[in-house]
Amino acid sequence: MVERERLHDRVEFLGYVPHSSVRDVLVRGNVFLNCSLAESFCKAILEAAYAGLFVVSTNVGGVPEVLPPEMIHHADPNVDSLVESLFCAISRKIVSTNPFEFHRRVSQMFSWPRVAGETVTVYDRVIARPRLSLSQRLVQYKTVRHLAEFVVWYACWA
């Protein structure tokens, strides 16, 4: 495709990039394109935004939860939608993107002390909940019938 479209002066295939050099590669760009078909928590788009890049990503899995809308444009996981989103990012979003502001915001949203603190908060809430009796738990299991049947069978026969 690079040859067919005569993009030799615009495209560079880097191959393996050591982790210590990723930032230096990212800051050379303006837009980060993520074309995943499945993701849970995409650290690559987080690193790209941290480096000051506007992100275009497929709207799959946990991707919509990673960055706020002003830092990312979501596309359906198909070529036409990705091209449209990339065009939108290049023509409109790059102009208003402040790389230093992106870096500042991402560093505030995802600092390790904050993530650890939120994790501890979740565990504290779980621990503070009152223990349910077996009958109370079985009532809750009704919403997932097959699991409840297994739990009852296991409790009675195992």
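Student: What volume of space lies in the largest pocket, and what makes a space a pocket?

Tutor: About 1,200 Å³ of space lies in the largest pocket, the volume being what probe spheres set on the points fill, with points joined across faces, edges and corners. A pocket is an open set of points on a 1 Å grid over the protein atoms alone, where a 1.4 Å probe fits and protein stands on both sides within 12 Å along at least five of seven lines, and lining residues have an atom within 4 Å of a point. Of the 28 residues that line this largest pocket, Arg10, Val11, Val31, Leu33 and Leu86 are the closest to its centre. The model is predicted, so local features need pLDDT of at least 70 and side-chain atom pairs pLDDT 80 or more, whereas totals for chains, interfaces and linings use all residues. Residues are numbered from 1 along each chain as its sequence is written, and side-chain values use heavy atoms, leaving out hydrogens and water.

Student: Which element gives the most to the lining of the largest pocket, and how do its residues divide by class?

Tutor: With six residues, α3 gives the most, and α1 (22-26), β1 (31-34), α2 (43-50) and α3 (79-96) each supply at least two; these elements are DSSP runs numbered from the N terminus, helices being H or I of at least four residues and strands E of at least two. The lining has 22 nonpolar, two polar and four charged residues, where Ala, Val, Leu, Ile, Met, Phe, Trp, Tyr, Cys and Pro count as nonpolar, Asp, Glu, Lys and Arg as charged, and the others, Gly among them, as polar.

Student: Why are β1 and β3 said to stand at the edges of the sheet?

Tutor: Three strands form an open sheet in the order β1-β2-β3, with parallel pairing. Each of β1 and β3 (72-75) has a single partner strand, so one side of each is left without a neighbour in the sheet.

Student: Why is the pair of Phe41 and Phe110 called edge-to-face?

Tutor: Rings of Phe, Tyr and Trp (its six-membered ring) pair if their centres lie within 6.5 Å, with planes under 30 degrees apart counted as stacked, over 60 as edge-to-face and the rest as tilted. The centres of the Phe41 and Phe110 rings are 5.9 Å apart and their planes stand at 65°, so the pair is edge-to-face, and a search of the whole structure finds one aromatic pair. Phe41 lies in the loop between β1 and α2 and Phe110 in the loop between α4 and α5, so the pair ties together parts that are 69 residues apart in sequence.

Definitions and conventions: Two strands pair if DSSP finds at least two bridges between them.
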